[in-house]
Amino acid sequence: MNWVKALLLLSVLLLGCADLATTNRILELGFGEANPFMEMAQTWFGAWWLIPKLGLTFLVIGLLWRSQSLSRIALVVAFCSTPVINNLVIIAGAS
């Protein structure tokens with residue numbers, strides 16, 4: 001595995017953690033979860049909803065690990081950044 005692919009996979013992990021942290025901040029501010037699947041996970045698992053969230057993140061990383069196309073992996077990284085950016089905009093607007 002080359003260093004570019006490793007960096008992209010690490011980016012997916014970091015973006016998943018950033019999504020988790022920013023979502024928790026949004027919930028602290030009194031807003032709700034926009035993703036219906038994660039809202040269901042929050043309802044079912046309570047404070048432990050991070051387990052399925054990070055589980056899905058690791059599943060994505062596992063699937064990307066098998067990919068040979070750096071451009072497709074980069075596209076997924078860009079897609080994973082959109083919830084984090086959206087969360088940051090919501091947090092900035094609430095301040």
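Me: Helices (H or I, at least four residues) and strands (E, at least two) are DSSP runs, numbered from the N terminus; how many helices and strands does the protein chain have?

Reply: In this predicted model, local features need pLDDT of at least 70 and side-chain atom pairs count only at pLDDT 80 or more, while totals for chains, interfaces and linings use all residues. Residues are numbered from 1 along each chain as its sequence is written, and side-chain values use heavy atoms, with hydrogens and water left out. The protein chain has four helices and zero strands, and its pattern, read along the sequence, is α-α-α-α. Its C-alpha trace spans about 40 × 30 × 15 Å along the principal axes.

Me: At what angle do helix 1 and helix 4 pack?

Reply: Two packed helices are described by the angle between their axes and by the distance between those axes. Here helix 1, which covers residues 3-28, packs with helix 4 (residues 70-94) at an angle of about 20 degrees, and their axes are 9 Å apart. The two helices are therefore roughly parallel to each other (under 35 degrees; over 145 is roughly antiparallel, 65 to 115 roughly perpendicular and the rest oblique).

Me: Are D19 and K53 buried or exposed?

Reply: Buried means under 20% relative accessible area, exposed over 50%, and partly exposed in between (1.4 Å probe, protein chains only). D19 counts as buried, at 11% relative accessibility, and K53 is buried as well, with a relative accessible area of 14%. For the whole protein chain, buried residues make up 29% of the 95 residues.

Me: What are the values for E28 and R25, and for W3?

Reply: E28 is exposed, with a relative accessible area of 60%, whereas R25 counts as partly exposed, at 38% relative accessibility. W3, whose place is in helix 1, is exposed, with a relative accessible area of 65%.

Key: Axes are lines fitted to C-alpha atoms, for helices over the stretch in contact, and angles run from 0 to 180 degrees between N-to-C directions.
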